[in-house]
Amino acid sequence: MSFDADVVVVGGGLAGISAAITATREGLSVIVLERGDYSGSKNVAGGRMYIHALKDLVDISDAPLERKVEREIYEVYCGNGRKISFSYEDKNRVDSYTVLRAKFDQWFAKKAEEEGVLFSYSTLVSNARREKGGITLETNRGEVRAPLVIEADGVTAGISRYLGLRNLKPSMLMLGVKEVIGTAWDEGVARTIIGFEGLKGGGFVYSNRDTLSIGLTVKVDSLQGSEVKAQDIVEKFREMIGIEGPILEYSAHLIPYYGYANLPQLNAENLIVTGDAAGFLINDGFTIRGMDLAIESGKVAGKAAKLIKDENYADTSIYVKMLEESFVMRDMKKAWKSFSLLGEKRIFSDYPKVLCEVLGDMFLVNGERRTLREELMEKIKEENLNLTQMVLDLVRFIG
Amino acid sequence: MVDLIKRLSLNKYTVDKESHIQVNTQICKTCKDKPCVKVCPAGTYEPDEKDGLIVHYERCLECGAALVACPYGALKFRFPYGGISYRYG
Ligand SMILES: Cc1cc2nc3c(=O)[nH]c(=O)nc-3n(C[C@H](O)[C@H](O)[C@H](O)COP(=O)(O)OP(=O)(O)OC[C@H]3O[C@@H](n4cnc5c(N)ncnc54)[C@H](O)[C@@H]3O)c2cc1C
Ligand code: SF4
């Protein structure tokens with residue numbers, strides 16, 4: 001059986017490019033298949049990138065990073081024009097930057113090409129089958145064969161689906177909808193917003209160099225039965241938070257929402273799975289992270305590929321072992337408790353409402369002053385909430 | 001609120017000659033709540049009295065939601081060969 005390369009990477013996004021760079025450095029021959037005309041042409045993120053994993057891999061002095069995030073604003077909307085907000089500022093922070101993927105991924109792919117990685121663009125993998133000690137990929141440009149496939153095709157995980165290893169479920173996915181607005185702010189801001197139309201999810205605003213990225217991430221199963229249509233939510237959201245300016249682009253993309261305990265199959269014979277395709281996403285209510293996990297899991301995959309080639313293409317378990325030792329799995333594990341909580345309706349509608357009512361009454365002066373405790377207990381009763389559950393949730397969330 | 005079609009018209013598309021989305025409208029004719037219409041951010045699915053459902057595949061943002069949007073197995077989705085090219089992303 002002749003193979004086209006030691007490793008074929010499916011998907012030229014963050015995970016795929018990182019895997020390809022690393023495997024090339026390990027001395028393997030690598031081909032990347034990307035369905036877009038260029039890397040990034042199909043990709044969407046909020047987005048703020050925590051750059052630790054990227055910095056470790058390539059020189060970022062000429063990276064198209066938009067703005068360094070120096071201010072975090074957290075807002076809870078609770079209906080009837082009421083909201084709670086707080087902000088945190090640190091001018092010395094250098095851990096995260098806003099990015100726009102069409103530009104960023106192209107730059108990153110160019111870095112890979114400079115190191116000798118071969119990309120085949122406009123190449124859509126439409127099926128995969130096992131054949132004689134490897135995997136055969138069917139594409140619009142003919143078949144490609146490899147003894148090892150690194151799956152980096154994002155949240156829809158085509159390769160795993162074609163091989164019968166994955167069934168996508170609405171409960172394990174979020175839909176992200178986004179607009180890029182032609183308004184510039186002069187500082188790096190990340191705004192996190194919760195409490196929108198009772199949907200399970202949250203909103204974001206990130207400031208780029210000359211534009212703003214605004215959008216929502218919402219659980220697909222909460223949309224299926226919702227009053228509002230997904231096509232309208234980002235505009236309603238924009239009006240709610242009062243952002244104005246010309247819309248430059250409207251985009252949408254699924255987001256994996258598995259969580260540590262529900263992660264899909266990460267490897268099989270001749271196959272290792274990275275990034276969104278592997279379900280690596282962390283959302284703990286304050287931060288959403290997928291990009292750094294995609295880059296790191298790609299790096300681990302590139303290193304594992306070398307060991308797999310030297311040993312045995314059928315046994316890919318070393319990849320999972322190496323992942324367990326990386327921050328990818330460590331952080332996924334840590335985030336699991338708060339992650340699982342964010343699937344509950346009470347977090348998005350009931351608690352914010354109670355909080356707002358209590359605070360509202362505390363700030364209101366009408367001659368009927370009561371203690372915070374009295375207020376809280378009464379509102380909890382009114383909303384039919386369970387105090388024990390609330391305390392447990394809080395512990396789980398912080399814990 | 002800026003209208004959906006206006007927003008989609010800001011995007012750059014290379015529309016395939018053939019639709020990348022197949023729908024079994026026999027099933028749609030019996031489907032009352034039409035969850036696909038709620039879930040799709042591009043308004044690709046339009047309820048229709050006569051045919052059950054019309055698919056505007058040229059609007060597709062390739063988010064992937066179509067793979068799970070229909071609980072009744074009426075939708076078959078693959079990515080298009082051309083399709084959207086994001087300029088910001
Ligand atoms: C609205 C939104 C906001 C987000 N905000 C943030 C944020 O602020 N911070 C953060 O860290 N993360 C964020 N994320 C998550 C982040 O975008 C993802 O985790 C990250 O893009 C995953 O990278 P990846 O390389 O695994 O997948 P992708 O970036 O999706 O790359 C997959 C690649 O594979 C290609 N491909 C797919 N199928 C095929 C096929 N069949 N044949 C050939 N090529 C194929 C695609 O074209 C694409 O280039 C957000 C996501 C969304 C949607
Ligand atoms: S595609 Fe599915 S959800 Fe949509 S109308 Fe048809 S049967 Fe209903």
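How many salt bridges does the count come to over all chains? It comes to 34. Okay, hi everyone. Before I go on, a reminder that what you see up there is a predicted model, so please take the numbers I read out as values computed from that model.

Let me start with a few of those salt bridges, chain A to begin with. One of them pairs A:Asp292 with A:Arg289, and the closest N and O atoms sit 2.9 Å apart. Are those two buried or exposed? Both A:Asp292 and A:Arg289 are buried.

Then there's A:Asp310 with A:Lys306, where the N to O distance is 3.2 Å. You'll find the two of them in helix H7 of chain A, which runs over residues 291-311. They're four residues apart there, or about one turn of the helix. On accessibility, A:Asp310 comes out at 47%, so we call it partly exposed. A:Lys306 has a relative accessible area of 26%, so that one is partly exposed too.

Still in chain A, there's a network to look at. Which residues are linked in it by salt bridges? We have A:Lys68, A:Glu70, A:Arg71, A:Glu89, A:Lys91 and A:Glu187. If you're clicking along, select those six names and you have the network on screen.

Over to chain B for one more pair. B:Lys50 makes a salt bridge with B:Asp51, with 3.6 Å between the closest N and O atoms. B:Lys50 has 65% relative accessible area and is therefore exposed. B:Asp51, at 34%, counts as partly exposed.

While we're at that spot, have a look at B:Glu49. It sits in the loop between strand E3 (45-48) and strand E4 (52-55) of chain B. Why does B:Glu49 count as exposed? Because its relative accessibility is 84%, and the cut-off for exposed is over 50%. Along the chain, B:Glu49 is 20 residues from B:Lys29, and their C-alpha atoms are separated by 8.2 Å.

For contrast, take B:Val39, in helix H3 of chain B. Its relative accessibility is 0%, so B:Val39 counts as buried. B:Val68 is 29 residues from B:Val39 in sequence, and C-alpha to C-alpha the two are 9.3 Å apart in space.

Helix H3 takes us to ligand 2. Which helices of chain B each supply at least two residues of the shell around it? That would be helix H2 (25-29) and helix H3 (35-39). The residues around ligand 2 include four cysteines by name, B:Cys28, B:Cys31, B:Cys36 and B:Cys70. Also in the list are B:Ile27, B:Lys34, B:Pro35, B:Leu53, B:Tyr72, B:Ala74 and B:Leu75. Sorted by type, the shell has 10 nonpolar residues, no polar ones and one charged.

Now the backbone, for those of you who like checking torsions. Back in chain A, A:Gly46 and A:Gly47 are joined by a cis peptide bond, with omega at about -5 degrees. A:Gly47 belongs to the loop between strand E2 (30-33) and strand E3 (48-50) of chain A.

Next, positive phi. A:Lys132 isn't a glycine, yet its phi is positive, near 40 degrees. That residue is in the loop between strand E8 (125-131) and strand E9 (134-139) of chain A. With a relative accessible area of 65%, A:Lys132 is exposed.

A:Asn270 also has a positive phi without being a glycine, in this case about 65 degrees. Where is A:Asn270? In the loop between strand E17 (267-268) and strand E18 (271-273) of chain A. Here the accessibility is 4%, so A:Asn270 counts as buried.

Last stop, the overall layout of chain A.

A:Met377 is in helix H11 of chain A, residues 372-382. At 33% relative accessibility, A:Met377 is classed as partly exposed.

Note on methods:
Residues are numbered from 1 along each chain as its sequence is written. Chains are lettered from A and ligands numbered from 1 in the order in which they are written. This is a predicted model: local features need pLDDT of at least 70, side-chain atom pairs count only at pLDDT 80 or more; totals for chains, interfaces and linings use all residues. Side-chain values use heavy atoms; hydrogens and water are left out. A residue is near a molecule or strand if one of its heavy atoms lies within 4 Å of it. Ala, Val, Leu, Ile, Met, Phe, Trp, Tyr, Cys and Pro count as nonpolar, Asp, Glu, Lys and Arg as charged, and the others, Gly among them, as polar. Buried means under 20% relative accessible area, exposed over 50%, partly exposed in between (1.4 Å probe, protein chains only). A salt bridge is a side-chain nitrogen of Lys or Arg within 4 Å of a carboxyl oxygen of Asp or Glu.
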